[in-house]
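Please look over the sequence and the model shown here before reading on.

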Amino acid sequence: MTTVTFRRTPAAATATEAGPAAALRAGERAGREPLRHLAPNWFAVVMGTGIIGNAAATLPLQFPGLKGAATAAWALASLILIVLAGAWVLHWRRYPEEARGHGMHPVMMQFYGAAPMALMTVGAGTLMLGKDVIGLGAAVTVDWVLWSAGTVLGLVTAASIPYRMITRHHFDADSAFGGWLMPVVPPMVSAALGALLVPHAPAGQLRLTMFVACLAMFGLSLIASLVTITLIWSRLLHHGLPPAGMVATVWLVLGPLGQSVTAASALARVAPGVVDDRTAAGMDVFAVLFGIPTWGFAMLWLALAIAVTWHSRASMPFNLTWWGFTFPLGCCVTGSTALYGHTGADLFAVTAVALYALLVGAWLVVAAKTVRGLVLGELLRPAR
């Protein structure tokens with residue numbers, strides 16, 4: 001059983017001592033005030049929807065209607081992001097105590113990493129797909145704004161959430177779970193999607209700085225993710241599966257693995273003309289020599305994730321962690337596509353297409369359950 005111990009604060013003590021009556025009042029408020037319990041994990045909906053379009057944009061197999069469907073996915077993700085951003089502002093204005101409470105909660109605070117990744121996912125989709133709708137100039141501007149905001153927020157979460165874990169909480173040996181990756185993965189997304197903007201940066205030192213910054217964020221996130229994945233692996237081996245409601249977070253490990261392969265490839269593609277020929281050639285070699293072994297481990301983890309999900313299927317209640325089936329899987333699609341572009345090996349093309357089909361199927365299931373949960377109000381209540 002997963003246990004989390006954290007040091008009591010006055011706010012936590014007040015909430016604990018409020019008793020059943022306060023809990024009942026909170027339950028009554030939940031039905032009338034759906035924004036009261038809006039948590040940062042809702043931004044995973046934007047991530048999972050946006051990756052449908054982004055992954056399709058470069059998929060090795062292109063067929064009539066795919067680009068239109070991908071553009072529709074980008075538009076839907078953009079709309080959801082706008083709605084969530086507005087709701088998030090209202091949430092902080094009306095319920096500041098609940099909002100601050102998410103940042104103090106040892107589990108929910110991890111999902112503050114979802115917001116910056118949502119911003120950058122929509123920004124990249126705007127550049128890849130939205131340019132045909134709003135024009136290239138506007139698309140580049142939107143992407144710069146969303147990527148910059150997402151990068152700043154992502155660097156903040158990558159530093160502040162681990163700091164808060166170290167100084168404010170005490171975690172037992174079986175506490176590690178996939179959500180611990182959420183705060184440290186945004187810089188990897190910045191690296192992968194920032195590569196799209198490198199050619200649009202002014203030539204010279206500004207473009208070089210952009211490239212170097214993306215490469216540095218690649219390393220920042222990669223090393224932090226590998227350390228965290230080791231903790232998650234150890235937790236699974238020594239303590240077994242997490243509670244049924246958190247099994248879907250096992251899939252989150254696929255995010256940094258697939259995204260790192262994508263980032264290495266994307267940076268290698270834009271390296272010529274930014275760095276010297278020797279470094280650019282080295283980046284191209286690195287994209288393959290790093291990408292293929294990492295992709296291999298990602299396929300192992302995918303097999304494990306599918307197996308443990310099937311094992312726990314009967315006891316898994318639906319909640320927003322199910323969106324973990326989407327974005328991480330989409331990162332494996334883009335990583336496979338990137339390796340196909342570098343090697344020409346059909347293995348990666350076939351894998352990319354197969355995983356994309358799985359991604360779309362997962363999205364349809366999770367999206368339908370999310371809509372149902374919203375209609376019934378089940379997802380607008382406080383998490384239990």
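## Burial and helix 3

A residue is called buried when its relative accessible area is under 20%. In this predicted model, helix 3 is mostly covered, since 14 of its 15 residues are buried by that cut-off.

Helix 3 runs over residues 43–57, and at 1.5 Å a residue its 15 residues should span 21 Å, which agrees with the 22 Å that separates its end C-alpha atoms. Helix 3 also has a kink of about 25°, and this kink is centred on Ile51.

## Overall build

The protein contains 13 helices and two strands. Its radius of gyration is 21 Å, close to the 21 Å that the globule rule gives for 384 residues, so the protein is as compact as a globular protein of that length. Along the principal axes, the C-alpha trace spans about 65 × 45 × 40 Å, and buried residues make up 52% of the 384 residues.

## Ala266 in helix 10

Ala266 has its place in helix 10. Because its relative accessibility is 5%, and buried means under 20%, Ala266 counts as buried. Between Ala266 and Ala367 there are 101 residues in sequence and, from C-alpha to C-alpha, 29 Å in space.

## Enclosed cavities

Rolling a probe the size of a water molecule over the atoms shows where empty space is left. For this model, the count comes to two cavities of 30 Å³ or more.

The largest cavity has a volume of about 40 Å³, and its lining is formed by Ala176, Phe177, Gly178, Ile232, Arg235, Leu236, Pro242, Thr249 and Val250. By class, the residues of this lining divide into six nonpolar, two polar and one charged; Arg235, as an arginine, belongs to the charged class.

The second largest cavity, with a volume of about 30 Å³, is lined by Leu257, Gly258, Val261, Trp295, Ala298, Cys332, Gly335 and Ser336. Which helices each supply at least two residues of this lining? They are helix 10 (254–270), helix 11 (277–312) and helix 12 (327–343). The lining of the second largest cavity has five nonpolar and three polar residues, with no charged residues, whereas the lining of the largest cavity includes one charged residue. Helix 10, which supplies part of the lining of the second largest cavity, is also the helix in which Ala266 is placed.

Conventions: Residues numbered from 1 in each chain as written. Predicted model: local features only at pLDDT ≥ 70, side-chain atom pairs only at ≥ 80, totals over all residues. Heavy atoms only, no water. Helix = DSSP H or I, 4+ residues; strand = E, 2+ residues; numbered from the N terminus. Expected span 1.5 Å × (residues − 1). Bend = angle between axes of the 7 residues up to and from the residue. Buried < 20%, exposed > 50% of the residue type's maximum accessible area, 1.4 Å probe, protein only. 1 Å grid on protein atoms, 1.4 Å probe; cavity = no way out; pocket = protein on both sides within 12 Å on 5 of 7 lines; lining within 4 Å. Points joined across faces, edges and corners; volume = space filled by probe spheres on them. Rg over C-alpha atoms; globule rule 2.2 N^0.38 Å.
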